[in-house]
Amino acid sequence: MKKEIKMLEVLELKEREIIQTKEVYQAWIKKAKNDFYRFVHELELTRRRNKENLEMNSLEKSKNNFDELFNNMNSFDEIIQTRLKMIKKNWKNLTMFHAIPGLPATNNAIENYYSTSLKTHQKKQFRTDEGILNQMKLSAMKRAVC
């Protein structure tokens, strides 16, 4: 995180030097965003190559960070405010992995299994509650016959 913040500080210094005409500034900000995203992507690739994981925050630290963001919610645009409200509403579900030992923080393993093991038409069926219920009924009928 420190490397990303240092990169943003460098970009901020450059931003102050830019002539603030709209066209020049928009071109610069687009380039700066791309540079930053490329920088963060390279850091991520380096971590993966070295088989390093980012340190996971404790529940308390996560709560403190979120509370700080939520308290400064008015400084963000409307879309981010909506997301913060959604996170606050679902906080318990989003942080459940802290309470149950061995529970993964993401559902990546499930999504990977789902995407590699099912055929496309089955994936489409499972996108609705009705499709899942129909599949469960079909499985129950197959078990009853055997």
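Buried means under 20% relative accessible area, exposed means over 50%, and partly exposed lies in between, with a 1.4 Å probe and protein chains only. An α-helix has 3.6 residues a turn, so residues three or four places apart point the same way.

A word on the model and its numbering. The model is predicted: local features need pLDDT of at least 70, side-chain atom pairs count only at pLDDT 80 or more, and totals for chains, interfaces and linings use all residues. Residues are numbered from 1 along each chain as its sequence is written, and side-chain values use heavy atoms, with hydrogens and water left out.

Now the whole chain. The secondary structure comes to 9 helices and 0 strands. Helices (H or I, at least four residues) and strands (E, at least two) are DSSP runs, numbered from the N terminus. The order of elements from the N terminus is α-α-α-α-α-α-α-α-α.

Next, the overall dimensions. The C-alpha trace spans about 75 × 40 × 35 Å along its principal axes. The radius of gyration of the chain is 23 Å, whereas a compact globule of 146 residues would have one near 15 Å. That radius is taken over C-alpha atoms, and the globule rule is 2.2 Å times the number of residues to the power 0.38.

How much of the chain is buried? Buried residues make up 14% of the 146 residues. The accessible surface comes to about 13100 Å², and 57% of that surface belongs to carbon and sulfur atoms. These areas come from the Shrake-Rupley method with a 1.4 Å probe; for residues, only the protein chains shown count as cover.

Contacts tell another part of the story. Contact means heavy atoms within 4.5 Å. Among contacts between residues at least 6 apart in sequence, 39% join residues at least 24 apart.

Return to helix 2, residues 22-49. This helix has 28 residues and reaches 40 Å from its first C-alpha to its last, close to the 40 Å expected at 1.5 Å a residue. The expected span is 1.5 Å times one less than the number of residues. His41 is found in helix 2. At 42% relative accessibility, His41 counts as partly exposed. The C-alpha atoms of His41 and Ile110 are separated by 24 Å, with the two residues 69 apart along the chain.

What follows helix 2? Lys51 does, and its phi is positive, near 55 degrees. Most residues other than glycine have a negative phi, and most peptide bonds are trans. Lys51 is not a glycine, yet its phi is positive. Lys51 is placed in the loop between helix 2 and helix 3. Lys51 counts as exposed, at 76% relative accessibility.

Helix 3, residues 59-71, holds Ser62. Is Ser62 buried or exposed? Ser62 counts as buried because its relative accessibility is 18%. Leaving aside residues up to four places away in sequence, Ser62 touches Asn57, Trp91 and His98.

Move on to Asn90. Asn90 is found in the loop between helix 4 (78-89) and helix 5 (91-94). Its relative accessibility is 28%, so Asn90 counts as partly exposed. Asn90 and Leu45 are 45 residues apart in sequence and 31 Å apart in space, C-alpha to C-alpha.

The tour ends at helix 9. This helix has 17 residues and reaches 25 Å from its first C-alpha to its last, close to the 24 Å expected at 1.5 Å a residue. Helix 9 is hardly covered: the count of buried residues among its 17 residues is 1. Glu130 is in helix 9, which covers residues 129-145. Glu130 is exposed, with a relative accessible area of 59%. The C-alpha atoms of Glu130 and Glu55 are separated by 40 Å, and these residues are 75 apart along the chain.
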